[in-house]
Structures are given as structure tokens and as C-alpha cells.
Amino acid sequence: MMLIVDDRGNTYLIKGDADFHTKYGFLGAEQLKKAKPGSVLEANTGRRFHVLNPNVTDFVQKAKRGPQAMTLKDCSLIAGYTGLRSGSRVVEAGTGSGVLSIFLANIIAPAKLVSYEIREDFAGIATKNFEKFGIKNIEVKNKDIYLGIDEKDLDLVSLDLAEPWLAVPHAKKALKVGGYLSSYSPSISQSKKLVDALGEDFQQETFETLKREWKMDAVRPHTQMLGHTGFLTVARLLSR
Ligand code: SAH
């Protein structure tokens, strides 16, 4: 995969093995095949396109997104607030389109992320995304996490599903003491049920974040913004 950035800041993630058309001009397959990271290509319109190596933030933003794929800001907060690092032992559910999975797997590599997904069709979409981006350290399990977690001694159980409270008893057994449970829910009533289920054994906080971008030529915020994504609960196991 290669990342193409045009002089207006638009980005395109492409294989680079065929002609590529944008509304600002077209790049030929021969031109793309010869390109390396750092190359600057000139389209038929005279516009310039930069070639870069893509990284995980490009994958998160460009992955084929099914319903409810997580945004980069929420992925980042989960990793930041749980202190994720290379080698961390992580289980997540559900896989969905695998956007959060890609983000987490990139951080914990060479450790393997285990991702539970109840729906085989979603597991299929996610697996295609992982193959496309060359991400190998993710194992998708076609299993219901509400019935149990096979893994033990985990640093993080990351939940993004409708009834996270049903996974709490299993997470409690699977986590290290001091390990984290994170949960992302679009509705605060889901967060409330989760928090009630966590009880006294976890230190916890629930929050949402609003990312407001600024139009720097006019030095004011953009008129439109993404008003709501989800609420995050981050909880740390104190004792069992
Ligand atoms: N974080 C994902 C989106 C998850 S959407 C992303 O960034 O792309 C929620 C997913 O949880 C759906 O695919 C759904 O099928 C799955 N799911 C729901 N209940 C589940 C359960 N009990 N066990 C495993 N997966 C479950």
C-alpha cells in the first residue's frame, strides 16, 4: 500500500499497481510503480502528489468501515488511558470492521491481539482489512464474549458492544490485578449499567471527548463538527 497526499491535503491509500484517478488529475500505473516514499509525482493536470509510507492512522481512517467503526480520537484515548505498550496482553470484543483492532495490534506488537466477534460476516470484513494492511498479529475468534474469556493474565479487556456489563464477570477473571477494562458506548445508559456492574472492585472513570477542529486560514473553529461518537469508561481492577 502507498499513501498519496495532494497539495490540498487530500489523502488516498492505494495499491499503486494501476492508473489512479482523482478529481485533481490522474497518475499512470507506470509512474506509480516507479514511485518510492518521498517521490513527488506530477499528474496530467500539473498538480503535485506526494508519495508516503502509510501508517496505522491512515489505516484507521481509510479502512472499509462497517457500522460503528471507531474514530481515531476514541482509539487513541483507549490506548492512552490504559497505558498500552508493546507486549501488552489484550482481548477485545467485538471486532466489527476491525478498526480499533488494527490500532491496538499496532501498539502491542509483537504480542497478539485476540478479538472476539459473534458475527461471522463481520469477522470476514475485518479479516480482509487486516490482510489488506498486512497486519498479522490479530486472531479473530468467532465467539460470544458474554459466555466467557479463554485468555488469562490480561493487561486490557477492550469492549465495544451493546451490553458490556454482561462481559464484566469474565473480564474480572481474565484481567491481571491492575489491568484495565475499557468500554465504548454510544448511549450513557449503557455506560451506567456497565459502571453499576463494575462495582467496588474497579477504580473507574467515564468521559466523552469532543474534537473541535479549527479553520486556520480564518482562525476560527469549523462550522460543522462531529458532535457525538461515544462515551468511554476506563476501569482498573483493584482486587478480585
Ligand atoms: N470496534 C469496532 C466496532 C465494533 S461494532 C471497530 O472499530 O470497527 C460491535 C461488534 O460487536 C459487532 O460486530 C457485533 O457483531 C459484535 N458483538 C456484539 N455482541 C458480541 C458478543 N457478545 N461477543 C462478541 N462480539 C459481539
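Figure 1. Met-225 is found in the loop between strand S14 and strand S15 (231–237). Helices (H or I, at least four residues) and strands (E, at least two) are DSSP runs, numbered from the N terminus. This is a predicted model, in which local features need pLDDT of at least 70 and side-chain atom pairs count only at pLDDT 80 or more, while totals for chains, interfaces and linings use all residues. Residues are numbered from 1 along each chain as its sequence is written, and side-chain values use heavy atoms, with hydrogens and water left out. Met-225 is partly exposed, because its relative accessible area is 40%; buried means under 20%, exposed over 50%, and partly exposed in between (1.4 Å probe, protein chains only). Met-225 and Glu-117 are 108 residues apart along the chain, and their C-alpha atoms are separated by 31 Å.

Figure 2. The ligand sits in the largest pocket. A pocket is found on a 1 Å grid over the protein atoms alone, as an open set of points where a 1.4 Å probe fits, with protein on both sides within 12 Å along at least five of seven lines. A molecule sits in a pocket if more than half of its atoms lie within 2 Å of the grid points. There are 21 residues around the ligand, and Glu-117, Phe-122, Asp-144, Ile-145 and Asp-160 come nearest; a residue is near a molecule if one of its heavy atoms lies within 4 Å of it. The shell has ten nonpolar, six polar and five charged residues. Here Ala, Val, Leu, Ile, Met, Phe, Trp, Tyr, Cys and Pro count as nonpolar, Asp, Glu, Lys and Arg as charged, and the others, Gly among them, as polar.

Figure 3. A backbone N or O atom of Met-70 lies 3.1 Å from an oxygen atom of the ligand. A polar backbone atom of Ile-118 is 3.2 Å from a nitrogen atom of the ligand. For the side chain of Asp-160, an N or O atom is 2.7 Å from a ligand nitrogen atom. On its own the ligand has 590 Å² of accessible area, and the protein covers 92% of it (Shrake-Rupley method, 1.4 Å probe).

**Figure 4. Asn-137 in its loop.** Asn-137 is in the loop between helix H5 (120–132) and strand S9 (138–141). Asn-137 counts as buried because its relative accessible area is 16%. A polar atom of the Asn-137 side chain lies 2.9 Å from the backbone oxygen of Ala-111.

**Figure 5. Two cis peptide bonds.** The bond from Ala-93 to Gly-94 is cis, with omega near -15 degrees. Gly-94 lies in the loop between strand S7 (90–93) and helix H4 (99–108). The bond from Ala-109 to Pro-110 is also cis, with omega near 10 degrees. Pro-110 belongs to the loop between H4 and strand S8 (113–116).

Figure 6. Most residues other than glycine have a negative phi. Phi of Asp-153 is positive, near 65 degrees, and Asp-153 lies in the loop between S9 and strand S10 (154–159). Val-219 has a positive phi of about 40 degrees.

Terms used
Polar contact = N/O pair within 3.5 Å; in protein donor to acceptor, adjacent residues only side chain to side chain. 1 Å grid on protein atoms, 1.4 Å probe; cavity = no way out; pocket = protein on both sides within 12 Å on 5 of 7 lines; lining within 4 Å.
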